[in-house]
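Have the sequence and the coordinates open as you read.

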Amino acid sequence: MQALQEQYQRIRHLPLRDLFDQDPHRFTRFSLSCHELLLDFSKNRLTPEIWTLLLDLARTAGLEQAREALFAGEPCNWTENRPVLHPALRNPGQQPIRVHGRDIMPEIHGERERMRLFSQQFREGALLGARGEPLRALVHIGIGGSHLGPEMICQALQPYGESGPEVRFLANMDGASFYDTLRDLDPAQTLFLIASKTFSTRETLVNAQSARQWLQNSGMTPEESNRHFVMATASPEKARAFGAQPEQIFALWEWVGGRYSWCSAVGLSIAVRVGFDLFAQLLAGAHAMDQHFCHAPLEKNMPVILALLGFWNGRFLGAETQAILPYDHTLRRFPAFLQQCDMESNGKRIDRTGQIVDHPTGPILWGEAGSNAQHSFFQLLHQGTHTVPIDFIGCSVSHYPLGEHHLELMANFFAQSEALMRGRTAAEARVELQASGLSAAEIERLLPHRVFPGNQPSNTLLLRQLTPFNLGMLIALYEMKIFVQGFLWGINSFDQWGVELGKTVARQILAESRRMLAGEPVDLSRHDVSTQGLLRHFIAGQRGHCT
């Protein structure tokens, strides 16, 4: 680490543009391809010496052994003593993968076949509701990892799903979201997929109960309404208690984290929307990236490269955030998907020994689709005071050719990464201002405002086209990057204890709110005075008057 610190001191004031001027082969040195995905990481504040040290750090830390342990089914989720085997869900082979001595591949292939039959029957109109009408709309009820992946993928694969059944997503338990999702659907032709690993997530259960009431309000009996649900869960007994029959329950497993569950039965909504054959291509792309991660040497390994760059940018450049900028409208939910996947995985501060880490861990992820983002927060990227590493994601070929729209879009895609890297010097700005005919005094007044510091690090990920296979690769690339970074930081990327505290407090406040609305005396002394005051004001508002 000391050697990396010394290298940082050498380059801390060195402009990125100088590194390009010094090395005409920089793009070749710092780029690679995997199938139809190109990664250019040359626009990082990186020298060959730094890159060698980062690779040495990964090897010395035992990354290659940790990678083997992940795919061998060892308990990489050490706080819950569970293996982490979502890669097995997209493995097409029959080679055994064992958990506690039992081969899990037959179960995986069995559930995959059930998904194929279910999605085929739904798309063909062969699945009938309680009134004998074909089911034509699927509403996916989940939240977090049980929602964002399938929603993002269905949106990204819209060009392939335009003739498919209606698929909608319900996550927020705000009543406005419920009504907005269901407002024009026919209950007799609507099926709900409840995606919940534990079948205890409050938001999902609230929406599921309201969905059942919505069905019954249309005249269905409770028994009839139960036929309009299927479940993807690792808690089948709770699904049965809800009213599901065994044939309505699709399996999840404890070794699949919710944020990695899109390639399980949680992805039924994807298979229904685009068809199982394309869902299988999505799995195949993810598997191809898994294999690349497994077998490529570290210096030619895309997930490892992205992880090491994030480690360098956070630890040495002080970058606390990272922007994800897809220049493809169908990928507009990709930043939100990665927010959940990355920040729930690596938003941790306790290491393997139970101690608080003494270094930064997971960055704050954010982003928006280009070119909208250029008229939103790019001012901060170009002339703000923060170092913000950026991943630019684009495609050579659009599914929606329209005049020169795609050429215009991609011209901006390439221009922004170059401009953020190069910036504009005072000398360059002066020449431009002089060319505009301004007076010397006006030039001096405006000059500081026309300088761009540049030096913003970025990666460019360029796909040929956003196909199911390529999207699967892209998702798995970031999933494996997250694993590598968590390993380097010494944290567990696969638990999520931080999600629990707010839920526990919410259950207490819910019970207190119900009693307050009923006019019962409630002792709020367990809460701080701010929360007490807010609760009283809220209850007064519920009763129709203000405090």
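The structure holds one cavity of 30 Å³ or more. A cavity here is a set of points on a 1 Å grid over the protein atoms alone where a 1.4 Å probe fits but cannot get out, and lining residues have an atom within 4 Å of a point. Grid points are joined across faces, edges and corners, and a volume is the space filled by probe spheres set on the points. This is a predicted model, so local features need pLDDT of at least 70 and side-chain atom pairs count only at pLDDT 80 or more, while totals for chains, interfaces and linings use all residues. Residues are numbered from 1 along each chain as its sequence is written, and side-chain values use heavy atoms, with hydrogens and water left out.

The largest cavity comes out at about 70 Å³. Around it sit Leu89, Ile108, Glu111, Arg112, Met115, Ala251, Trp253, Cys263, Ser264 and Ala265. Helix H6 (residues 105-124) provides the largest share of that lining, four residues. Helices (H or I, at least four residues) and strands (E, at least two) are DSSP runs, numbered from the N terminus.

Then there's the open space. A pocket is an open set of grid points with protein on both sides within 12 Å along at least five of seven lines. The largest pocket has a volume of about 1200 Å³. Its lining takes in 44 residues, and those nearest its centre are Thr198, Thr201, Val499, Glu500 and Lys503. H10, H16 and helix H22 (500-517) each supply at least two lining residues, with H22 giving the most, eight.

Here's how the two linings divide by residue class. Ala, Val, Leu, Ile, Met, Phe, Trp, Tyr, Cys and Pro count as nonpolar, Asp, Glu, Lys and Arg as charged, and the others, Gly among them, as polar.

| Space | Volume | Nonpolar residues | Polar residues | Charged residues |
|---|---|---|---|---|
| Largest cavity | about 70 Å³ | seven nonpolar | one polar | two charged |

You'll find Thr201 in the loop between strand S7 (190-195) and helix H10 (202-217). Is Thr201 buried or exposed? At 17% relative accessibility, Thr201 counts as buried; the cut-offs are under 20% relative accessible area for buried, over 50% for exposed and partly exposed in between (1.4 Å probe, protein chains only). Leaving aside residues up to four places away in sequence, Thr201 touches Ile143, Ser196 and Lys503, where contact means heavy atoms within 4.5 Å.

Next up, the nonpolar packing. A nonpolar core is a set of buried Ala, Val, Leu, Ile, Met, Phe, Trp, Tyr and Cys residues joined through side-chain atoms within 4.5 Å. The largest one has 112 residues, and Phe334 and Leu471 have the most contacts inside it. Helix H21 (residues 468-489) gives the most to this core, 14 residues. A second, separate core of 22 residues includes Phe192, Leu205, Trp214 and Phe242.

Not counting residues up to four places away in sequence, Leu471 touches Met152, Ile153, Ala156, Leu157, Leu282, Leu331 and Leu466. The C-alpha atoms of Leu37 and Leu471 are separated by 9.8 Å, though these residues are 434 residues apart along the chain. Leu37 belongs to strand S2 (residues 37-40) and counts as buried, at 0% relative accessibility.

Phe334 takes us to helix H16 (residues 334-346), whose 13 residues reach 18 Å from first C-alpha to last, close to the 18 Å expected at 1.5 Å a residue. That expected span is 1.5 Å times one less than the number of residues. Since 10 of the 13 residues of H16 are buried, the helix is largely enclosed by the rest of the structure. Those buried residues pack against helix H7 (148-156), strand S10 (321-326), strand S11 (364-367), strand S12 (390-395) and H21.

Most residues other than glycine have a negative phi, and most peptide bonds are trans. Gly370 and Ser371 are joined by a cis peptide bond, with omega about 10°, and Ser371 lies in the loop between S11 and helix H17 (378-383). Asn81, not a glycine, has a positive phi of about 55°; Asn81 is exposed, with a relative accessible area of 53%. Asn455 has a positive phi of about 70°, but at 15% relative accessibility Asn455 counts as buried.
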